Each structure stands twice: as structure tokens, then as C-alpha cells.
Amino acid sequence: IRTPINTICGISEIVLKNDVPAEMKEDMLNIQSAGRNLMSVVGDILDYSELQEGDFEIIEENYQVSSTIYDIINMSMAKKSEKNLELVVDCDANLPTGLFGDEKKIRRVIMNFVSNAVKFTSEGSVKISVSGRREAYGLNLCVSVTDTGIGINKDGVDKLFKSFSQVDASISRRYGGTGLGLYISKQLVDMMDGTITVQSELNQGTMFSFSV
């Protein structure tokens, strides 16, 4: 499934690098955007299936958190292209560059948080904060993503980490999505013996945080 979608996204990107008429450029951007959205949906469904089957494993290795955040910012810039949003990164200078953990799962959780923040914020900012907390056994990585978007009421917060769940039906119709991203994030953080929290106020913004 991923291969033909990647082909569509790749060809559209090649076309966009050429000097094409404005009308064709707009069409190709729409194709590229739809392809990326479809890839995100496919990824969620495949990850959900693996979680249900118990096929996910924790694979710990050395990684550079700065590279992880840099890649996430690059991917997020494409998603926010049509919005008047400022992406801000606040990384603790005392955080070691080299860390040990499951980088792919950590990246997935942060990317889910940032994607949601960009999706539900039309103007203002999305801030990624990265820090570390020393414990007897080593270092905990602490990440929070804060936006100035639509926010969530107290009743809606309870639904956030359930599979195939949106805060309400109108959210799904207006913004799209499978309702799996936060469920997957919660399962991945639990697998890494971490904690995940959310603070939100309707029409004031949201902050998702996790520590692993």
C-alpha cells in the first residue's frame, strides 16, 4: 500500500520542481497533500493492527535527539505551509545530545502531537519543548507540544486516547483523521514505561506532554 502512495507523492514533488503553469502547480500540490494525508491514515491503521496483534517491540539504541527534532520540524513545515503559524523549539541546553531509547517510537509520538497541533491551530504558534529529568537509573526524556488552537473541553479530554475516537463528530468531518494517532501514542508511551498527560481549555489551546 505504501509503495504506490510514495510513488504518487514522489512524482508530484518532481513535477513541482519544474516550471509549470500556476493551475497545474495548484493541482499537483493538492495531489501531494492528499497523498501525504493518505500515507498518514495508512500508517495509523498499520500501527493499530500491529498493536492489536502484539507485534510491536521496544528496540533501544543510541540516537541524537537534535536530529529527531530537526526532522520533525522539516516535516511539520510542509503541513503548516498554508497557515500563519510559528513553529518554536525550546530545547534544554543541558540535555545530552546522545540518548538511548527507541527513537522511532519517540519520533512517532512527537510527530503525532505536532501534527495534531498544526491541524487544530489556524493561527498563533506551536511550541515543542524538550528537556531531561535525572533519575537514579538515568535520564528521562520529557517532551511537550503546546498550541494556540481550538482546545478541548473537559468532557472531550476523556475520549482522546480511545481508538477511533474524536472529541465530536464535527471534528472528524472538518479536520479529517482516523482518531488513532493519540491512541497509538498512548500505547507506545506505555510500552516505554512512560507517562502521557494533556492540559487543554476550549478555544485557548492544548498542551500534550510525555516522559519516557
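Author: Helices (H or I, at least four residues) and strands (E, at least two) are DSSP runs, numbered from the N terminus. Just after helix 7, Asp 193 takes a positive phi of about 55°. This is a predicted model, in which local features need pLDDT of at least 70 and side-chain atom pairs count only at pLDDT 80 or more, while totals for chains, interfaces and linings use all residues. Residues are numbered from 1 along each chain as its sequence is written, and side-chain values use heavy atoms, with hydrogens and water left out.

Reader: Which residues of helix 2 and helix 7 meet?

Author: From helix 2, Asp 44, Asp 47, Tyr 48, Leu 51 and Gln 52 meet Gly 181, Tyr 183, Ile 184, Gln 187 and Met 191 of helix 7, where contact means heavy atoms within 4.5 Å.

Reader: Which residues of helix 7 are buried, and what do they pack against?

Author: Buried (under 20% relative accessible area, 1.4 Å probe, protein chains only) are Gly 181, Leu 182, Tyr 183, Ile 184, Ser 185, Leu 188 and Val 189. The buried residues of helix 7 pack against helix 2, helix 4 (103–119), strand 6 (195–201) and strand 7 (205–211).

Reader: At what angle do helix 1 and helix 2 pack?

Author: Helix 1 (residues 2–16) packs with helix 2 at about 155°, their axes being 9 Å apart, and the pair is therefore roughly antiparallel. Among the contact residues are Ile 5, Cys 9 and Ser 12 of helix 1, and Met 28, Gln 32 and Gly 35 of helix 2.

Notes: Buried means under 20% relative accessible area, exposed over 50%, partly exposed in between (1.4 Å probe, protein chains only). Axes are lines fitted to C-alpha atoms, for helices over the stretch in contact, and angles run from 0 to 180 degrees between N-to-C directions. Angles under 35 degrees count as roughly parallel, over 145 as roughly antiparallel, 65 to 115 as roughly perpendicular and the rest as oblique.
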